[in-house]
Structures are given as structure tokens and as C-alpha cells.
Amino acid sequence: MKRPFKKILILSPFIILFFVVLILFITKDKPPVEEIKDAQQSISQAKAAHADKYAKNLFKNATTSYNIAIKFWKEENERFFLFRDFDLVKEQSIKAAKLAKAATAESQSNSKNLNREVKREIDALKEKIDFFDRNLDQIPQVEAFRKKHNKGKLLFREARLAFEKSDFNLAKIKAEQSKKIINTTYFQAETILKNYFNNYSEWQRWFKNAVNYSKENNTYSIVVDKFSRKCYLYYDGNLKETFDIDLGSNWMGDKNQQGDKSTPEGNYKIVDKKENGRSRYHKALLINYPNEDDLRRFAENKRKGLVSSNRRLGNLIEIHGDGGKGADWTEGCIALSNRDIDRLYSKCTVGTRVTIVGSLKPLNEIIK
Amino acid sequence: MKNKFLLSLSALAIALFVFSGCAKVPQAEIDNANVAIEAAKTAQADVYVPEAFAALQDSMNVAVTSIEAKKSKLFKSYKNEKAQLINVVALSEDVKAKTEARINELKAEIQQTLTDITTIVEENKTLMTQAPRGKGGSTVLMAIKAEIATIETSAAEVQAAVGTESFIATLDKAKAVKEQATNINNELKAVIEKYTKK
């Protein structure tokens, strides 16, 4: 009787310890597996919603919290099971899931807003580029910055392609790069055009005088509109004929010196009619360029140093044939198709008034 | 007596060992999987096959979670996790292969687009000679000429960029250049057609 009692007495602390440990093991802090899985799933969903692009900070914070949770979990698992505490793991994984869900929502909202914003920007850019191509690209002075403008157009296309691929961030970057260039070139071209149209009121006056002259004298008057590439023939104050014309490649602006390939602007008259081999271009109507105004302006430009002192003003500006090419190819003359010059030639005489203006339409009608 | 006491102590030690876990964490498999994922990342799987790469990372995360969860269990076996990790390695190889395939696909597409650009530019140059000295004037003709020059420069830039940046970005640039070249081509054709009808 004595021996079993002694055995039990010896083993009892171990048995008690065993049961205590067992109870502790059963009741110990449970690892937050569900919370971790929820965090994982939420982060995957956030990634699928492109939160890494459109809700960068939230997504980054979510993954950081998740990584901390996993790190803590691993560290706790290294400890003796009785001393493991998963509170921080749980806290971080819950935080990660919460942040990831917020990142998903923010990403969806941001990408939607960005989509709208970039689309607006792309549409505005397209409108500007189309306008430039339609109205400003024909300005000779644009040549100086056309390369830059083309680069802007290329970036615009890249922006549109990125937009079509739903890469709104890239689309925005490209659109902004394009906008920067296009706005500059647009502004430069628009300024050139606006400066050119500063003379519009004078052109209007010349035009009215030309029409009135034809009315008062029952005669013909020729009006050349450089911008629209048209030549109008008036008789007795009424428009009788309209012809297409070709000009010099540097057509915009007044003629400043010989060889500048520009067509003069002002009031002139026909001083000679050339045919039967006297003209290289079928038939020609020579005008009295340079007139007094041209000579005065040329002298003033020389004095101001705008024209080099050894330059000459040039002469032999004609309305001639061989035109109708749809191109600005002359040295500054006004070229009509041979059929049209025949008609014009037959109606005009030496002394017929020729008025050359930049445009008959105001700028706001041209820039629609 | 002494022997029995030692026996009891050993039994307790064994019990404690059982409590705290007998199976070993598959560290070698974890390391292999991590190396494989890193290799896929080095191959730029996250750039060229982002969805497949995300799925790969998800698989690894599931395996890690499962392993850590097992560490708290009384009787544990990492058999399933080992299988998961082996699968991650295989998946990494697959993702890597897909990345390489996608890169080759993009390279081929870039080269094809560049060839197309060259063909269109050549055609545009020929069309320029047929155009009525420009469609609306020599200024416009010069504008088109300048645009063709920009396209040629840009195409050369795209060619030079191959391999120096993401192939996706290079392809996008090439596509934009091709679009611009095609646009001019259509413009010129329309003008010539109009001119011929006249």
C-alpha cells in the first residue's frame, strides 16, 4: 500500500503539470488565420482593381500591414507555444484588409474620374490639333516650329492609345506632354495670325474703295484675297467672276524685299498686258508694284534696320497664267489657270484697279 | 525506483515535444519557391504577365499562411504545404515561360510595326510626287513633308529604344508613329483621288 502511494505522490506533480499544459494549449491564443486570409483576399481584389496604380498609398499601406502581420505571426510562432500572442498579428491583418478594401473603392473611383478627366483632355487636344491642321498649318511662318508641333501630335496619339488600353495614368502623362507642346505651337501660330489680321480694317477699307471705284466709274476692279486664295472681278460694284489663285510660298504678310516670295498687299493698277510670247506664263497682267506706299515702307524698313541696306524691293509682280496647281509656287505673283487668265485678261485693260488684301473675312470667321 | 522516475520524465518530455510539434517546416521548399518567384520577377513577369504573376504570389501567400497556421497545431504535417510549394515552383516556371513568350511576341510586333512604318513612309514619299504640288498649297505640302520627316525620326527613336525600356512602351510608341504615317497616307490618297477626278 505504501509503494503505490509513494509512486502516485512522485508522479502527481508531473501529471498535474501535464494537464495544466494541456489545458493551456487548448485555451491558448488562436492564430488569426481567417483574418490573414481575409487580408490576402482583399489585397488580391485591390490589385485586380488596379489599386497599385490608382490608389497607390492605400494599397501600399495595406500590403505593408499585411507583411507586418505575417512577420509578427512568424515571430510569434518561433516562441514557445505558451508565450505566443497573436493580438498584433490580428490587428495588422484586420488593418490590412480594411485598407485593401478602401484601396479597391478608391481605385475604382479614381480610375473613373481619371478616365473622365483624360478623355476631356484628349478631346480638347484633338480639337486643337484639328483646328491647327485646318487653319494654322498653312501659315508659312509655322515652318519654324512645325517639327515641334508634329512631336506634340505624336504624343497625342500615344496618349490616345494608352487611354484605349485603359492605362489612364500613362494617358494622362502623355496628354500633358502633348498639351504643353501643342499649346505652345498653337499660341505661336495664333499670334502670327492675329498679328497678320491687325491690318484687317485697312483691308476692308481698300476693298470697299475698290468696289466703289468700279461702281462710280462703271468699270472693272480686281480684288485678290490672299487668305482664301481667291481673285474676284467686280464690275459696276457687282461681283462678276471668282477665280482660284496660287501665290508665293511665303504668302502671308506684305512683300518686304526682292526674293522673299511674298505677294504684296495694297492698291495697284494694271500697267501692262502681256501675251503672244511676252509672258512666260501664258498671259500676264503686270501691276505697278512697287507703288509709292511700297517705296515709302521699304525706305522706312531700311532705316529701322528691318531690311538690309543692300537689298532691293523687287518688281514685276503680275497676275499670270499657268496656275491652278493648288499650290503656292510663284515668286510672289498671282497665278490663275490659263482658262481663268484668258477670261480675266479679256475683261481688263491697262489702268484696271487691282486691290490685294490679306483677307476679306475677319479672323473670327476664319477661326471657327 | 530511479529508473521509473527517469521514464516518467522522458514520457513527459516526449509529450511536450508532441505538443510543440514534431514535423519540420519545409524550409527547403519555401526557399525554392521564393527563389523561383524572384526569378519570375527578374524576368519581368510582373510587367509582361501581371495577372499570372499576381496569381503566383497569391499561391505563395496561401502556402505561407497554411504553414504558419500549422505551426500552432498539436499534430502537424506539412505534406499539403510541401505540395503547394512544389506547385508554386512549377507555376513560377510557367509564368517565366509565359513572360519570355510575351516579350518575344512584343519584339516581333515592334519589328512588324517598324517594317509597316517604313513601307508606309516609302509609299507616302511616292504619293508626294503624285500629289498636286500639295493638297492645298506648297505650305501644306511642306507640312506633310515635315510630318514624314518627324515620322522617320520617331521610327528611328523607337528602333533605338528597343530593349532600353519596356517593350510595351516601345510598341505603344511604334503604334502611334504608324498611326500618324497611315493618317498622312490616307490624306494623300484622298487628295490624289480628288485631283484625278477633276
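In the predicted model, the C-alpha centres of domain 1 and domain 2 of chain A are 121 Å apart. The domain assignment places domain 1 of chain A at residues 1–28 and domain 2 of chain A at residues 199–366.

Chain B is also divided into domains, with domain 1 covering residues 23–101 and domain 2 covering residues 103–197. The C-alpha centres of these two domains of chain B lie 46 Å apart. Contact between them involves 5 residues of domain 1 of chain B and 4 residues of domain 2 of chain B. On the side of domain 1 of chain B that touches domain 2 of chain B, α3 and α5 of chain B each supply at least two residues. The most is given by α5(B), with 3 residues. By class, this side of domain 1 of chain B has 3 nonpolar, 1 polar and 1 charged residues.

Helix α2 of chain B spans residues 27–42. Its 16 residues reach 22 Å from the first C-alpha to the last, close to the 22 Å expected at 1.5 Å a residue. Within α2(B), the residues B:E29, B:A33, B:A36, B:I37 and B:A40 are buried. These residues lie on the same side of α2(B) because they cover an arc of only 100° around the axis. An α-helix has 3.6 residues a turn, so residues three or four places apart point the same way. The buried residues of α2(B) pack against α3 (45–48), α4 (50–70) and α5 (79–130) of chain B. On the other side of α2(B), B:Q27, B:A28, B:D31, B:V35, B:E38 and B:T42 are exposed. The helix α2(B) is followed by B:Q44, which has a positive phi, near 70°.

Notes: Residues numbered from 1 in each chain as written. Chains lettered and ligands numbered in written order. Predicted model: local features only at pLDDT ≥ 70, side-chain atom pairs only at ≥ 80, totals over all residues. Domains from an automatic or database assignment. Helix = DSSP H or I, 4+ residues; strand = E, 2+ residues; numbered from the N terminus. Expected span 1.5 Å × (residues − 1). Buried ≥ 20, exposed ≤ 12 C-beta atoms within 10 Å, placed from the backbone. Arc of directions from axis to C-beta. Contact = placed C-beta atoms within 7 Å. Nonpolar A, V, L, I, M, F, W, Y, C, P; charged D, E, K, R; others polar.
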